[in-house]
Amino acid sequence: MKEIILVKYGEIILKGGNRPKFEKKLLDNIRNSMKNVAKINMYMAQATVYIEPEEEDKIDIICERLCKIFGIVTVCKAAICEKNMDSIKKTAVEYCRDELLPGKKFKVEAKRSDKAFPLNSVQLAIDVGGYIHENVEGLLVDVHNPEVTVQVEVRDHNAFVYCREKRMMGQGGMPIGTGGKATLLLSGGIDSPVAGHMIAKRGIEIDAVNFFSFPYTSERAKEKVIELASIIARYTSKINLYIVPFTDIQLAIKDNCPEEHLTLIMRRFMMKISEIIASKNGSQALITGESAGQVASQTLAALHVTNSVCTMPVLRPLIGMDKTEIIERSQKIDAFETSILPYEDCCTVFTPRHPATNPKLYAIEKSESKLDVDRLIEEAVNGVEKICVFPKL
């Protein structure tokens, strides 16, 4: 029995006259995600993408990859059959046999987009449901609370049958590349990968910047960040990761500025450097993983101090979330186990014992004035290493 993959999308349908552009981008993203994975034939009709694998044994891995593409709401394997009642009824029994077990409550739902088909949707569902009930022993009919829903779709060229309960949920959101581009400040922690995933879900292409303080942070810490970028890239196809040498800046801050200001001045340098890199590479905003009040540098006063050095918008999708919510999302995107590996990032180097929680901008600027800010930033930007990170399979 020949199988096909039915891909349903949601929000794209609401785009009116711009809908074809979003659909085209979704198809492009599907093709890109299948490179080096599987060869497919694909077409789109009536708000559904139909994907036929050229190799039957690749169908499961194709479905797995599709579930990580933004813009897709559900992914489902289905059986293809001829558009006649005998074929549809026999296929429904055969294809859904493993789910149609004695004692199970079931119903049939049908959609008929081919208006030339002799039965309407209700008649089709009744006819197929009756056939299943007669030919599968022990089944119970329950149209209100079924345990198994056999779905039949009659389209222009073929009919399709599947069990709705076996559908896989996609990411939802919008296709990458439809919402502009932003640059993520990617640390080695839990928060920033989640922030990147949440913004990418809105169709925004992502670059990432990481600040690396060798030898105070190890090569293992750098490898951890690359690993996190590869996890995010499962959802975005790829990520350009910019590694910024940050040791000289941190040492200069430590040697010249009050201890309670160390973290905030460091954050201001990070924002300035990230904005320069973002501007050079076509980004329109920065993304951070900050959550209001989570640490001293994330109070509203502290955020005002760091924001004041930026002209770009700063997107903070986690701002109202608590740590439990963030951890749950990190686990859901498979980033948590990597994020908690015990390799320190630059944010944990030279951490003050008593950081300022209600800083005044003029006081921070006064402390910062002791540094040759322009020179330090220029040297850091000139030393940036670019790494093109592809999805971790």
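Reader: Is Glu109 buried, partly exposed or exposed?

Author: In this predicted model, Glu109 has a relative accessible area of 24%. Buried means under 20% and exposed means over 50%, with partly exposed in between. Glu109 is therefore partly exposed.

Reader: Asp191 forms a salt bridge with Lys323. How many residues apart in sequence are the parts that this pair ties together?

Author: The closest N and O atoms of Asp191 and Lys323 are 2.7 Å apart. Asp191 lies in helix H5 (residues 191–200), whereas Lys323 lies in helix H10 (residues 323–332). The pair therefore ties together parts whose separation in sequence is 132 residues.

Reader: Which helices hold Arg268 and Glu368, whose side chains meet in a salt bridge?

Author: The N to O distance for this pair is 2.8 Å, and both Arg268 and Glu368 are buried. The pair ties together parts that are 100 residues apart in sequence, because Arg268 lies in helix H8 (residues 262–280) and Glu368 in helix H12 (residues 361–368). The helices are H8 and H12.

Reader: Which residues are linked with Lys8 in a network of salt bridges?

Author: The count of salt bridges comes to 25. The network that includes Lys8 links it with Glu153 and Arg155.

Definitions and conventions
Residues are numbered from 1 along each chain as its sequence is written. This is a predicted model: local features need pLDDT of at least 70, side-chain atom pairs count only at pLDDT 80 or more; totals for chains, interfaces and linings use all residues. Side-chain values use heavy atoms; hydrogens and water are left out. A salt bridge is a side-chain nitrogen of Lys or Arg within 4 Å of a carboxyl oxygen of Asp or Glu. Buried means under 20% relative accessible area, exposed over 50%, partly exposed in between (1.4 Å probe, protein chains only). Helices (H or I, at least four residues) and strands (E, at least two) are DSSP runs, numbered from the N terminus.
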